[in-house]
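Please have a look at the sequence and the structure first, and then read on.

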Amino acid sequence: MIEIQKVRKSFGPLEVLKGIDLTVAKGEVLTVIGGSGSGKSTLLTCINGLEPIDSGKILVDGVEVHAKSTNLNKLRQKIGIVFQQWNAFPHLTVLENVMLAPRKVLGRSKAEAEAEAEKQLKHVGLGEKLSVYPNRLSGGQQQRMAIARALAMGPEYMLFDEVTSALDPMLVGEVLDTLRMLASEGMTMICVTHEMKFAREVSDRVAFFHQGIMAEIAPPEELFGAPKTPELQKFLAATH
């Protein structure tokens with residue numbers, strides 16, 4: 001499980017996380033909603049160890065992410081992260097892009113890495129695109145390739161940072177379908193999203209962030225059906 005205990009994080013004078021307490025259980029899908037600048041994306045980069053924290057603790061399966069003794073590279077193999085920007089290597093094919101980390105980081109043989117990459121690309125519906133270069137893919141396909149690339153590392157947790165926000169509205173559905181599939185397979189996921197329908201449908205719980213605090217957290221029917229805080233009521237009214 002992922003345990004977040006009283007986590008604070010500032011960028012200069014701006015405190016973006018103001019004492020977040022949150023536990024995500026194995027197999028749970030948590031979506032995080034809220035306005036821009038509310039600290040949602042920062043939370044994901046802190047969980048993955050990409051950003052240091054100022055105080056508090058983040059534990060993944062009992063290992064403290066920001067402890068000096070923690071081998072972050074090893075820990076990150078457990079935690080896949082997919083961003084808005086998919087950042088592929090343009091000179092490598094789709095298959096080669098997905099094979100790269102298992103070979104370099106996990107030390108897999110070429111045959112092993114290739115088999116796993118092919119499996120994950122088929123899994124996300126890109127089995128026909130193995131030998132294509134990333135610039136020949138649509139935005140939705142590029143994002144699904146990024147998901148396959150993270151899955152090829154065999155993570156136990158997946159973090160998704162607004163993975164549909166840079167996409168043409170026509171392409172959003174195919175990426176959300178991939179996330180739905182992963183959720184149905186029992187992958188533990190934290191998804192920062194603007195897609196309220198997706199949050200309502202797929203989540204076990206939804207957390208609403210407002211100005212660096214977690215203002216509400218509840219199962220979707222409760223959070224969307226009976227928002228308690230005026231901030232969440234206002235936010236939901238604006239997103240309809």
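## The largest pocket

The largest pocket has a volume of about 630 Å³. A pocket here is an open set of points on a 1 Å grid over the protein atoms alone, with protein on both sides within 12 Å along at least five of seven lines. Grid points are joined across faces, edges and corners, and a volume is the space filled by probe spheres set on the points. This is a predicted model, in which local features need pLDDT of at least 70 and side-chain atom pairs count only at pLDDT 80 or more, while totals for chains, interfaces and linings use all residues. Residues are numbered from 1 along each chain as its sequence is written, and side-chain values use heavy atoms, with hydrogens and water left out.

Which residues lie nearest the centre of the largest pocket? They are I81, A101, R149, A150 and M153, out of 23 lining residues; a lining residue has an atom within 4 Å of a point. Two or more lining residues come from each of α2 (72-76), β6 (79-82), α3 and α5, and β6 gives the largest share, with four residues. Helices (H or I, at least four residues) and strands (E, at least two) are DSSP runs, numbered from the N terminus. By class, the lining has 14 nonpolar, seven polar and two charged residues. In this scheme Ala, Val, Leu, Ile, Met, Phe, Trp, Tyr, Cys and Pro count as nonpolar, Asp, Glu, Lys and Arg as charged, and the others, Gly among them, as polar.

The largest nonpolar core has 36 residues, and L121, I147, F160, L179 and M189 have the most contacts inside it. Such a core is a set of buried Ala, Val, Leu, Ile, Met, Phe, Trp, Tyr and Cys residues joined through side-chain atoms within 4.5 Å. Buried means under 20% relative accessible area, exposed over 50%, and partly exposed in between (1.4 Å probe, protein chains only). The elements that each give two or more residues to this core are α3 (94-104), α4 (110-123), α5 (139-151), β7 (157-161), α6 (169-184), β8 (188-192) and α7 (196-202). A second, separate core has 26 residues, including I58, L75, I190 and A207.

L179 is in contact (heavy atoms within 4.5 Å) with I147, F160, V163, M189, C191 and F198, leaving aside neighbours within four places in sequence. A cavity is a set of points where a 1.4 Å probe fits but cannot get out.

## The open sheet

An open sheet of four strands runs in the order β2-β1-β4-β5, with antiparallel pairing. β2 (14-24) and β5 (63-64) stand at the edges with a single partner strand each, so one side of each has no neighbour in the sheet. Two strands pair if DSSP finds at least two bridges between them. Strand β1 (residues 2-11) pairs with β2 over eight bridges, and I2 stands opposite V24 in β2.

## Covered and partly exposed places

V32 belongs to strand β3 (residues 29-34). Is V32 buried or exposed? V32 is buried, with a relative accessible area of 1%. Not counting residues up to four places away in sequence, V32 touches K40, I190, C191, V192, T193, A207 and F209. K40 is also one of the buried residues of α1. Helix α1 (residues 40-47) is mostly covered, with seven of its eight residues buried, and just after α1, G49 takes a positive phi of about 80 degrees.

R200 lies in helix α7 and is partly exposed, with a relative accessible area of 45%. R200 touches P220, F224 and H240, not counting residues up to four places away in sequence. N71, in the loop between β5 and α2, is partly exposed, with a relative accessible area of 46%. N71 and S165 are 94 residues apart in sequence and 32 Å apart in space, C-alpha to C-alpha.
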